[in-house]
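Colleague: Please take a close look at one part for me: the contact between the two chains. Then follow the charged pairs from there.

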Protein chains: 2
Amino acid sequence: MQTPSLSATTLPKQVVIREMGLRDGLQSIATIVPTAAKLEWIRDAYDAGEREIEVGSFVPAKLLPQLADTAEVLAFAQTLPGLRASVLVPNFKGAERALAANAEWMLLPLSASHAHSLANLRKVPDDVVAEIARIRAERDATGARTKIEVGISTAFGCTIQGEVDPHEVVRLVQAVLDLGADSVSLADTVGYADPAMVARLFERVLRVAGDRLTCGHFHDTRGLALANVYAALQLGMTRFDASTAGIGGCPHAPGASGNVATEDLAYMLGSMGIETGIDFDKLIALRGKVARWLEGETLHGSVWRAGLPKTMKIQEAAHA
Amino acid sequence: MQTPSLSATTLPKQVVIREMGLRDGLQSIATIVPTAAKLEWIRDAYDAGEREIEVGSFVPAKLLPQLADTAEVLAFAQTLPGLRASVLVPNFKGAERALAANAEWMLLPLSASHAHSLANLRKVPDDVVAEIARIRAERDATGARTKIEVGISTAFGCTIQGEVDPHEVVRLVQAVLDLGADSVSLADTVGYADPAMVARLFERVLRVAGDRLTCGHFHDTRGLALANVYAALQLGMTRFDASTAGIGGCPHAPGASGNVATEDLAYMLGSMGIETGIDFDKLIALRGKVARWLEGETLHGSVWRAGLPKTMKIQEAAHA
């Protein structure tokens, strides 16, 4: 048996958890959370030490009534000092709204699956790339501060198409970096990734994107999200998406988790001695509120039920 | 950002999943599963490709009526060619029964937590070590084939005592190896481990035990079991305990998972291209049966609900 010194692998000292519950979570949930509750959610997440929150999506209200109040929610988030609020933007029209709202970041999804891209945005990936180029030009023309993150979705496989070629992921990353995206992220949109796949794909994309590969987005559909995070941590990744109570499941897997639960990710990182700035008790209290707002919806996550180990020092919010 | 070539880390090509549901699972569950159902469980697990099953525990029937039929269950398991059946043995009396039953393996728990050892076996760890020495001498005196595995429990912390010193774990491993244990395993009995802790402790114990450190036993109390398995895989570990439907929770964490779910572990390993010999569909069918036998009990695991990814080749049982 070989014993390489893997425990000596340098893991990051600090990691940012980006809260996705208000966007990736709520978009898949029928319950419409009132705007006032969303503001309370953001306020409480901020008080718990979260400093990056995706607050909504600039899509037509007809398509996603749950997120119809995104402009108002974003305006509130912008009043909280040091909070980096992002919005999802599926197309040029949405980007215009994000620019008009002076969003700090907009997240543009680009599916590496041809079939998923057609189903989701009614465009093939290269047409999405062309639209991102137009969005970037518009951003520059308006002189807006809004930064562009391109999220490569279905990067590890697709429920419609099946296999997604890693070459295609790398090609699309290169294309959006060439046209001036400020950052890219890799998303396991449907919970197909395993830690070996994560290690391989992140390593390849890091060679192309370097510091511009900024985030990993793992759905916990089959329980592997935290193992996938660990694999990405070992490659030096320092930002991960997560969703309060793991909300935001996949329509192809009824009852399954969405994004990895914020509480579980915060716990794992805290246990490993990685600073997140998050106050765990406040996070669990927020989960309780979200559970009340989403009564009847399926929630996820493990640590809220089990509680922290006796051995773990509770982290104080570093920003408090 | 550093990009060490971690994806090139050599992971094992084959891994054994040892089924713990019938022992570690049922011992924590009030429902008494009839002997006939246990035999069906073992038969089905065997048909699904499982080749190592812990079938019960030689403890007084008064203490664990759920496992009172262990001798009968073991006798049945011994009729299945190539199945390695083990039994848990908490003391000398239990060992005598295991030897009389001609068990192939007996698993002797040795808690690294002083407080847990007292609570569980009413002995301090060094007295347990002394008893293991007596058991080993008895085994040799009888000429029985029964091999001795010492499972170091609470190796990552304890709900009663809190911290467990890794030095103590290493000291106890050394002690039982010195007295002739055939193998040792490390158990996160209460779900306190994280992947960084696993990497550190397994690396230390591998230096002492080498090939005689044969198994990792991770409870999924806080959702980290699969991440912990991945950390141990990276150190070359090739055997992990798991429990059908994740049964066997901890009394200190009501509703929390016990051992990592066999289905989730088999899925992760299969997805990573690691051979387990397990037929996934048969495993899921078995889970359905166990769910009926345990109606009303809390079950766990993710992949049974979500199903396999479209991209994944179903593994055939290698032994079929």
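Modeller: Across the interface of chain B and chain A, 13 residue pairs are in polar contact, both residues at pLDDT 80 or more. A polar contact is a pair of N or O atoms within 3.5 Å; within protein, one must be able to donate a hydrogen and the other to accept it, and residues adjacent in sequence count only if both atoms are side-chain atoms.

On chain B, the elements giving two or more residues to the side that touches chain A are α8 (195-209), α9 (225-233), α10 (262-271) and α12 (303-306). Helices (H or I, at least four residues) are DSSP runs, numbered from the N terminus. The largest share, seven residues, comes from α8(B). By class, this side of chain B has 31 nonpolar, 19 polar and nine charged residues. Here Ala, Val, Leu, Ile, Met, Phe, Trp, Tyr, Cys and Pro count as nonpolar, Asp, Glu, Lys and Arg as charged, and the others, Gly among them, as polar.

This is a predicted model: local features need pLDDT of at least 70, side-chain atom pairs count only at pLDDT 80 or more, and totals for chains, interfaces and linings use all residues. Residues are numbered from 1 along each chain as its sequence is written, chains are lettered from A in the order in which they are written, and side-chain values use heavy atoms, with hydrogens and water left out.

The contact (heavy atoms within 4.5 Å) takes 59 residues from chain B and 59 residues from chain A. Together the chains bury about 4,600 Å², 61% of it on carbon and sulfur atoms. Buried area is the accessible area (1.4 Å probe) that two parts lose on being put together, summed over both.

Between chain B and chain A there are zero salt bridges. A salt bridge is a side-chain nitrogen of Lys or Arg within 4 Å of a carboxyl oxygen of Asp or Glu. Over all chains, the structure holds 36.

Take K289(A) and E40(A): their side chains form a salt bridge at 2.5 Å, N to O. K289(A) sits in helix α11 (residues 280-293) of chain A and E40(A) in helix α2 (residues 35-47) of chain A, 249 residues apart.

In chain B, K289(B) pairs with D44(B) in a salt bridge, with the closest N and O atoms 2.7 Å apart. K289(B) is in helix α11 and D44(B) in helix α2 of chain B, so the pair ties together parts 245 residues apart in sequence. D44(B) is buried, at 18% relative accessibility. Buried means under 20% relative accessible area, exposed over 50%, partly exposed in between (1.4 Å probe, protein chains only). K289(B) is partly exposed, at 21%.
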